[in-house]
Amino acid sequence: MHIFKTNDKVIVKYAGLLYSSPDWDWDSFINREALHREVLNDIQSITTDPLLANDLENIIAPIGNQEIWASGVTYMRSKDARMEESKDAGGGDFYARVYSAKRPELFFKSSAYRAVGPGGTVRIRKDSEWNVPEPELVLFICSAGTIEGYMIGNDMSSRDIEGENPLYLPQAKSYDGAAAVGPCLYAPAEPISPDTEIQIEIWRGDVKVFADAILISRMKRTHQELAHYLFMEMSFPTGAYLMTGTGIVPPDSFTLSYGDVINITIGSIGTLTSGVGK
Ligand code: DO4
Ligand code: MG
């Protein structure tokens with residue numbers, strides 16, 4: 001089941017059919033335990049509307065009053081790349097330690113108004129010269145702390161700023177247009193399969209300048225463990241989104257350019273496409 005947001009509607013796509021009701025408000029609609037079962041119940045009492053296909057042309061980021069948080073150094077590739085980029089600053093050891101520590105790295109990524117939806121434009125900071133997208137599976141955790149859904153995320157990162165000093169992480173990671181999310185909230189009946197693959201392609205005009213893929217089973221930590229730490233001492237009245245970390249980092253010679261197009265695909269969820277701008 002896929003839940004889409006437009007400026008004035010919440011739209012559910014289930015078994016190829018589309019449903020919507022004027023009573024549905026995004027925050028209260030998604031913030032429910034057993035979300036898949038609850039939505040199945042909701043759509044039983046309404047008729048499907050094929051004309052909603054037109055509204056799907058105008059989807060926006062599937063987010064209301066939820067904050068977007070992020071996890072770091074959850075894949076070996078992220079640990080290795082960060083140790084390399086920060087070695088001159090003496091920061092390498094922190095990444096090795098957090099990779100194997102009991103407590104994960106969690107950081108605030110974006111408020112909803114700063115995030116970019118499907119088909120939007122992510123930004124490169126003007127004071128940075130080395131930038132990459134981080135394609136990540138994003139968890140939706142309802143206010144009760146249970147994982148109820150998933151979306152695709154891009155945790156845009158300024159590698160030169162982060163590499164200069166790990167204490168610059170919030171500036172390397174959080175700025176206008178640094179988080180892309182979408183294209184929908186995927187609320188399956190069962191937790192997402194460990195065989196799920198995250199794929200990325202970066203296009204510069206007609207040229208594919210980077211492509212890679214990784215299975216989410218390569219992650220060092222469990223989704224429950226990340227959600228548990230996020231909710232341990234913080235409440236989220238309308239639930240929260242949590243990026244689970246990247247397992248894909250382009251080679252050090254690569255940096256994004258204005259005009260690039262980034263496609264991130266997770267089979268069961270869809271594709272999140274973003275342009276890159278100033
Ligand atoms: O430690 C810095 C951030 C790590 C991160 O964003 C990731 O591993 O995805
Ligand atoms: Mg990341």
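Author: Start with one word, buried: a residue is buried when its relative accessible area is under 20%. This is a predicted model. In helix α8, residues 223-231, the buried residues are His223, Leu226, Ala227, Tyr229, Leu230 and Phe231.

Reader: What covers the buried residues of α8?

Author: Strands are among the cover: β4, β5 (105-110), β8 (135-141), β9 (147-155) and β14 (240-243). Covering here rests on contact, meaning heavy atoms within 4.5 Å.

Reader: Why is Ser71 called buried?

Author: Ser71 sits in strand β4. Its relative accessible area is 2%. The limit is under 20%, so Ser71 counts as buried.

Reader: What does Ser71 touch, leaving out residues up to four places away in sequence?

Author: Its contacts include Glu105, Leu106, Phe107 and Glu136. Leu226, a buried residue of α8, is also touched by Ser71. Further contacts are Leu242, Met243, Thr244 and Gly245.

Reader: How do you know that the side chain of Ser71 makes a polar contact with Met243?

Author: The side chain of Ser71 reaches the backbone oxygen of Met243 at 2.7 Å. A polar contact needs N or O atoms within 3.5 Å, so this pair passes on distance.

Reader: How far is the C-alpha atom of Ser71 from that of Pro104?

Author: They are separated by 7.1 Å. Along the chain, Ser71 and Pro104 are 33 residues apart.

Reader: What makes Thr74 a buried residue?

Author: Thr74 lies in the loop between β4 and α4. Its relative accessible area is 1%. That is under 20%, so Thr74 is buried. The side chain of Thr74 reaches the backbone oxygen of Thr244 at 2.8 Å. Thr74 also touches residues including Tyr99, Met219, Lys220, Arg221 and Leu226.

Reader: Which other residue has a positive phi without being a glycine?

Author: Ala15, with a phi of about 50 degrees. Ala15 lies in the loop between β2 (10-14) and β3 (17-20).

Reader: Why is Ala15 called exposed?

Author: Its relative accessible area is 68%. Exposed means over 50%, so Ala15 qualifies.

Reader: And what about His36: why does it count as buried at 14%?

Author: The limit is under 20%, so 14% is enough for His36. His36 lies in helix α2, residues 35-44. Leaving out residues up to four places away in sequence, His36 touches Met1, Tyr14, Ala187, Pro188 and Ala189.

Reader: Where is there a cis peptide bond?

Author: It joins Gly182 and Pro183, with omega about -10 degrees. Pro183 is in strand β11, residues 179-186. Most peptide bonds are trans.

Reader: Which residues are closest to ligand 1?

Author: Val73, Ser78, Glu105, Lys173 and Thr246. In total, 16 residues surround ligand 1.

Reader: How do you know that ligand 1 makes polar contacts?

Author: An oxygen atom of ligand 1 is 2.8 Å from a polar backbone atom of Val73. For a polar side-chain atom of Glu105, the distance to a ligand 1 oxygen is 2.7 Å. For an N or O atom in the side chain of Glu134, it is 3.0 Å. Taken alone, ligand 1 exposes 280 Å², and the protein buries 99% of that.

Reader: What does UniProt record for residues 102-276?

Author: Its unreviewed entry places the feature "domain: Fumarylacetoacetase-like C-terminal" there. The span is 11% helix and 41% strand. Its end C-alpha atoms lie 36 Å apart.

Technical notes
Residues are numbered from 1 along each chain as its sequence is written. Chains are lettered from A and ligands numbered from 1 in the order in which they are written. This is a predicted model: local features need pLDDT of at least 70, side-chain atom pairs count only at pLDDT 80 or more; totals for chains, interfaces and linings use all residues. Side-chain values use heavy atoms; hydrogens and water are left out. UniProt positions are given in the numbering used here, feature names are shortened, and annotations may be inferred rather than shown by experiment. Helices (H or I, at least four residues) and strands (E, at least two) are DSSP runs, numbered from the N terminus. A residue is near a molecule or strand if one of its heavy atoms lies within 4 Å of it. A polar contact is a pair of N or O atoms within 3.5 Å; within protein, one must be able to donate a hydrogen and the other to accept it, and residues adjacent in sequence count only if both atoms are side-chain atoms. Accessible areas come from the Shrake-Rupley method with a 1.4 Å probe; for residues, only the protein chains shown count as cover. Buried means under 20% relative accessible area, exposed over 50%, partly exposed in between (1.4 Å probe, protein chains only).
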